[in-house]
Amino acid sequence: MSDVPASRVGWPDPRVVEALERVRAGKPLTYGLTNYIAAPLSANMLLAVGASPAIGGIPLGAAHFATIAGGAWINLAALISDTPELLLETARAANAASTPWVLDPVTVGAGIEATDALAAQLIDLGPAVVRGNASEVVALAGGDGATKGVDSTVSSEAAIPFAKSLAQRTGGVVAVSGPTDYLTDGVELVAVPGGHPYLTQVTGAGCSLGGLVAAFAAVVPDRLQAATAAHAVLATAAERAASRTRGTGSFAVALVDELSLLGVA
Amino acid sequence: MSDVPASRVGWPDPRVVEALERVRAGKPLTYGLTNYIAAPLSANMLLAVGASPAIGGIPLGAAHFATIAGGAWINLAALISDTPELLLETARAANAASTPWVLDPVTVGAGIEATDALAAQLIDLGPAVVRGNASEVVALAGGDGATKGVDSTVSSEAAIPFAKSLAQRTGGVVAVSGPTDYLTDGVELVAVPGGHPYLTQVTGAGCSLGGLVAAFAAVVPDRLQAATAAHAVLATAAERAASRTRGTGSFAVALVDELSLLGVA
Amino acid sequence: MSDVPASRVGWPDPRVVEALERVRAGKPLTYGLTNYIAAPLSANMLLAVGASPAIGGIPLGAAHFATIAGGAWINLAALISDTPELLLETARAANAASTPWVLDPVTVGAGIEATDALAAQLIDLGPAVVRGNASEVVALAGGDGATKGVDSTVSSEAAIPFAKSLAQRTGGVVAVSGPTDYLTDGVELVAVPGGHPYLTQVTGAGCSLGGLVAAFAAVVPDRLQAATAAHAVLATAAERAASRTRGTGSFAVALVDELSLLGVA
């Protein structure tokens, strides 16, 4: 994979602009099982791009939501509120309804056996997109990711071959977040430059990307293009937000502002 | 109902101003079972008007909190963290202690049978106020609400006759949120104009209104007046916030600012 | 205790500055069981001072996180999501791994027997630091705290003798938050002046302090010094934030900004 030159994609690439227009026009119901630390920001970021988020695992309703949604995402840190069974049931319901779903493997490789085992089961269910940091993707692909709590200890570039191998296994797309994001369907490699280090200092900004990818996948059939557009939109909003703020608190606010204005104002 | 002309109420109607003054003076303990997406903003909005919020279902403590609180609210999306039994137990404890409580029927009519069944049980317990969007109120009243996830697909005006019928059934007030909010006790109809479309693009802003109504109901005995004042206060704060912000992120921040300053500065 | 004059400590006391530098350099993994109302702000405040937060009770992973973390905190309002057993198991795992942990006794003394009983068990496990408001500390020490929901009804000064007695019992530090914060190891008494009343009007600001103390305790061996530095850092950031904002919404944002800039810019 490292011998395949990555194409670089960012705003205002016409495919990215068009993908965002589709989200704003389609207002896709985007259903997420995620954690309560990231949930408020994730919902606000989804609303800012025009999607219609619904978050949280109602035991008797999760499968229903995964069925009626345009896209879904499952963040492993949902385990702080939801059972492993609910995550699996939601993924299966999404598959049965052909709802594209995103797996965000938070804390995989951090040393929790039960989480790693659940992640392996979810991978077997074929997520349309896996989105994680480098450590998590390496760990998912069977390498030594050495996740530190919820943070990565591996560079995005080092994770590329693992991402390729994982994408070939799932038949979907794998996205690695980092200073430059890399996305691959197992063959093609795309690089999304930009973003800002502050994204790693705002809780839930990375987790929210799982939701954005799900929203874009709801309206853009090509999974690599959908995931790439979501990453490019966030990277651009982050750059613009950082340029007019002086700390991580106002950056988080400006990030939502810029997402709500991108391609509109 | 549609033949009863609605009286229009907004800030600085003296009854609204006085109601807010009572909240600031009384600092009512306001207890909520709500969802973790809306909870932080709900708590901050309650603190901003001077109330003392406590949120979340401690299994052995929810009934106690409903008993000692001045007002309570139950948001059906609490089911992502709490059991149906806890919601029912909390409503019964509130009734036993004569604590006015608000039902926010999030996702009613979205197709989840268990949620719809629980909502019907809660309606039978006689909430002081039901506050929802048009789809939810229509669905609760037995019409075809066709809720899309958590969003409404029906206009507020179309929901008015359903709101009236529902209020007559509960013996309380029913409030329908929309571009213009409508509130009724089954006889009188009040319209609260204003607000801002951004309110629908900030997660939890609608849910927070359930908490505000509970806080106002804790200190204003007339339920229609309490609910109306809460809606008018939020609508006014939203207008002021929108006038000085440029995106949905800073709008959410300014909304809390304006609530904290209304009638004070 | 009231006959021991308190030493006053604040920014830029060299011990406080050095403690913050250690957090920024060490990026300690700081693990928290807290409530979903406070969790997003707590995580953002920890990220702002350079720590690496992980929050939430994964049933099969909490003990693991407490073991690998540099510091941990347990907030009793975690009971809205987690079981009493998980809190106890986490505290025991932290003890076994010599991970210093902080107990935040939210709602102790508010009249919930189960919560009070759990708090007593946790106290017996010897938290490195107990951090609460005056009512909670008084109630924990066996006095009549009369907590109103989650708010204090007792002055910080009145809580000092109770804090001293509690510290002697736990063998750790007890910190009482208020207009002036007081901290004691049972012998020495430290006062941290400053802060701002807005801290009590932003949900989770107090709860976040439990996380900050855990992060500082991860890198500063002297517990009293660690806890004092965390309090002084928050008090200073709060003062700076209040000086450039006009409501509680923008104050919360500026608070994170100032934490992220303190000692850096």
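This is a predicted model: local features need pLDDT of at least 70, side-chain atom pairs count only at pLDDT 80 or more; totals for chains, interfaces and linings use all residues.

## Cysteines and the A–C interface

| Residue | Relative accessibility | Class |
|---|---|---|
| Cys207(A) | 15% | buried |
| Cys207(C) | 14% | buried |

Cys207(A) counts as buried because its relative accessibility is 15%, and the cut-off for buried is under 20%. Cys207(C), at 14%, counts as buried too.

Now to the meeting of chain A and chain C. How many residues does the contact take from each chain? There are 25 residues from chain A and 34 residues from chain C. Between them, the two chains bury about 2,200 Å², and carbon and sulfur atoms give 62% of that area. On the chain A side, Tyr36(A), Ile112(A) and Arg246(A) supply 28% of the area that chain A buries against chain C, more than any other three residues.

Arg246(A) turns up again in the polar part of the story. It forms a salt bridge with Glu258(C), with the closest N and O atoms 3.1 Å apart; across this interface the rule finds 1 salt bridge. The count of residue pairs in polar contact between chain A and chain C is 7.

Which helices take part on the chain A side? Both α5 (113-124) and α10 (248-261) of chain A supply at least two residues each to the side touching chain C. The largest share, 4 residues, comes from α10(A).

Conventions:
Residues are numbered from 1 along each chain as its sequence is written. Chains are lettered from A and ligands numbered from 1 in the order in which they are written. Side-chain values use heavy atoms; hydrogens and water are left out. Buried means under 20% relative accessible area, exposed over 50%, partly exposed in between (1.4 Å probe, protein chains only). Contact means heavy atoms within 4.5 Å. Buried area is the accessible area (1.4 Å probe) that two parts lose on being put together, summed over both. A salt bridge is a side-chain nitrogen of Lys or Arg within 4 Å of a carboxyl oxygen of Asp or Glu. A polar contact is a pair of N or O atoms within 3.5 Å; within protein, one must be able to donate a hydrogen and the other to accept it, and residues adjacent in sequence count only if both atoms are side-chain atoms.
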